[in-house]
Amino acid sequence: MKKKAPRTYQEDIIGDGISSIQKVREPHRENEGRCIKYVLIGVCTLFLFVMLVLPLIVVVTNALRDGWAAYREAVIDEYTVKALQLTLFAAVAAVTVNTVFGLFASYLLSKFYFRGRQIFAALIDIPFSISPVIAGLVFILTFGNVGWMGEFLKAHGIRIVFAVPGVVLATIFVTFPFVFRELFPVLNAQGKDEEEAAALMGAGGFTIFRRITFPHIKWALLYGVILCAARALGEFGAVSVISGHLRGKTNTLPLHVEILYNEFNTTAAFAVSSILVVLAVLILIARNIVEWRKE
Amino acid sequence: MYVQMEHIYKTFDGFHASSDVSFGVEKGQLAALLGPSGSGKTTILRMIAGLDRPDSGDIMIDGMRVNDLPGSRRGIGFVFQNYALFRYMTVADNIAFGLEVQKKSKKEIRGRVDELLELVSMQDLGKRYPHQLSGGQRQRVAFARALAPNPHLLLLDEPFAAIDAKVRRELRTWLKEMIRRVGITSIFVTHDQEEAMEVADAIIITNLGRVEQIGTPDEICLHPQTEFVADFIDAARYEALAAAKSCEEW
């Protein structure tokens with residue numbers, strides 16, 4: 001239950017299928033085809049209802065089970081607010097860092113040819129294939145007290161593990177492919193000609209980016225940012241390992257939900273979950289607007 | 001010679017794109033770089049433009065060695081194979097871009113854009129976007145855009161490749177007349193013998209990264225110096241004969 005809210009958009013993240021929906025044409029009107037269509041509609045509706053709608057209803061009803069006052073209390077609770085702040089901070093940090101990184105990496109891999117390009121691209125996809133828990137462990141083994149940078153960090157009084165920097169690092173790690181993944185195909189398809197043409201007319205690097213490259217990628221960039229933010233807000237595994245669950249200090253919203261739930265404070269857990277649901281819905285709306293603008 | 005290539009060598013990952021390429025193009029001439037695909041003609045054009053660097057050899061434009069000069073300071077206009085129009089800018093903004101980069105005054109830019117739109121007979125289409133134009137119109141915009149900053153040398157990479165076979169001949173005549181009227185030294189790349197014969201004053205035939213022969217269309221047609229040129233032109237002659245034309249008519 002604790003991961004319910006993140007799950008809803010995590011499923012969406014896997015593909016960008018919505019945009020290709022327009023390309024599907026209605027097939028010939030044959031009885032057999034129509035029959036299959038309705039069966040498929042039924043199956044998919046049932047699946048979505050069980051997997052998505054039902055859990056969402058459960059979250060909302062449980063959150064409001066003890067009345068509005070209890071819900072309000074859980075939401076404006078000091079630790080909840082702190083967790084929300086940390087979650088938003090980590091998300092903003094991850095989005096900022098990954099936008100810059102995604103821009104650089106996608107530009108590099110689409111406009112320049114060098115040995116090891118494929119390996120580079122494959123490495124960027126690692127967070128997609130690796131379990132977030134392992135990502136968290138990797139950071140502990142690197143930056144923790146027993147880790148190979150532990151001595152150095154201790155000597156300089158820098159805390160990463162069980163502190164906010166660790167939470168931010170873990171969030172960045174699990175979300176860094178998103179912006180790259182959205183930008184790369186767009187940049188790759190554009191080719192180098194327009195940039196070369198502008199350069200031959202004497203335009204500098206920044207002018208070329210601002211006037212030629214950016215107008216081409218802005219919707220894909222925004223889309224990548226939205227996906228990245230969605231994932232960052234809901235991240236549980238990696239953050240859970242590295243945060244140390246310090247209430248009011250290193251607890252993010254998803255971790256806070258888990259703690260409340262484990263304390264049998266079910267109403268509060270669902271109330272806090274509903275915050276994540278609201279964020280998810282906002283992101284979903286933003287995503288659809290962007291998708292529609294992207295053509 | 002306005003453009004002079006001297007002993008140019010260029011390799012890409014062990015592939016010899018240019019081996020000892022030397023030729024010259026006189027001021028005011030319209031020259032064709034002609035050869036089969038993979039013969040290294042586009043590489044030569046890109047090196048003149050400064051988009052690629054030769055491994056060795058000298059590129060001279062107007063008596064000056066330009067190897068170390070960026071393309072933007074070589075006084076050239078470039079028409080890309082697929083025109084590379086800026087797709088998020090209108091036709092007028094496309095043409096104005098090079099002038100804006102040079103920080104020309106708004107008034108001057110507008111005057112020059114109008115002048116060029118008129119030159120390519122597209123006065124009414126300045127507010128269109130590239131995707132709203134036909135192939136021929138796009139070529140005209142690319143041509144106008146390349147000419148906007150008043151270059152002394154115009155380079156065109158397969159200018160007719162992206163055009164329907166039907167209108168290609170018509171556009172060929174148009175482009176040739178345009179270049180004559182502007183009086184700009186031009187070099188264009190093509191793999192189509194007939195195109196080179198019909199449009200160019202001088203032809204440079206390339207094969208496997210080498211220059212096979214340099215000459216006027218007549219010289220090349222009547223006195224091919226290598227077996228490759230004879231074969232290559234023969235093929236063209238058959239094609240032309242099929243179109244009821246003979247070599248002498250070119």
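In chain B, strands E1 (residues 3-12) and E2 (residues 15-25) run antiparallel and are joined by seven bridges. Strands pair when DSSP finds at least two bridges between them; strands (E, at least two residues) and helices (H or I, at least four) are DSSP runs, numbered from the N terminus. Lys10(B) stands opposite Ser18(B) in E2(B). Two residues lie between the strands of this hairpin, where Asp13(B) takes a positive phi near 50°.

This is a predicted model, in which local features need pLDDT of at least 70 and side-chain atom pairs count only at pLDDT 80 or more, while totals for chains, interfaces and linings use all residues. Residues are numbered from 1 along each chain as its sequence is written, and chains are lettered from A and ligands numbered from 1 in the order in which they are written.

The pLDDT is the predictor's confidence in each residue, from 0 to 100:

| Chain | Mean pLDDT | Residues at 70 or more |
|---|---|---|
| Chain A | 85 | 89% |
| Chain B | 90 | 94% |

The model scores ipTM 0.87 and pTM 0.76.

Back in chain B, helices H2 (residues 91-101) and H4 (residues 135-147) pack at about 25°, with axes 7 Å apart. H2(B) and H4(B) are therefore roughly parallel (angles under 35 degrees count as such).

Definitions and conventions:
Axes are lines fitted to C-alpha atoms, for helices over the stretch in contact, and angles run from 0 to 180 degrees between N-to-C directions. Angles under 35 degrees count as roughly parallel, over 145 as roughly antiparallel, 65 to 115 as roughly perpendicular and the rest as oblique.
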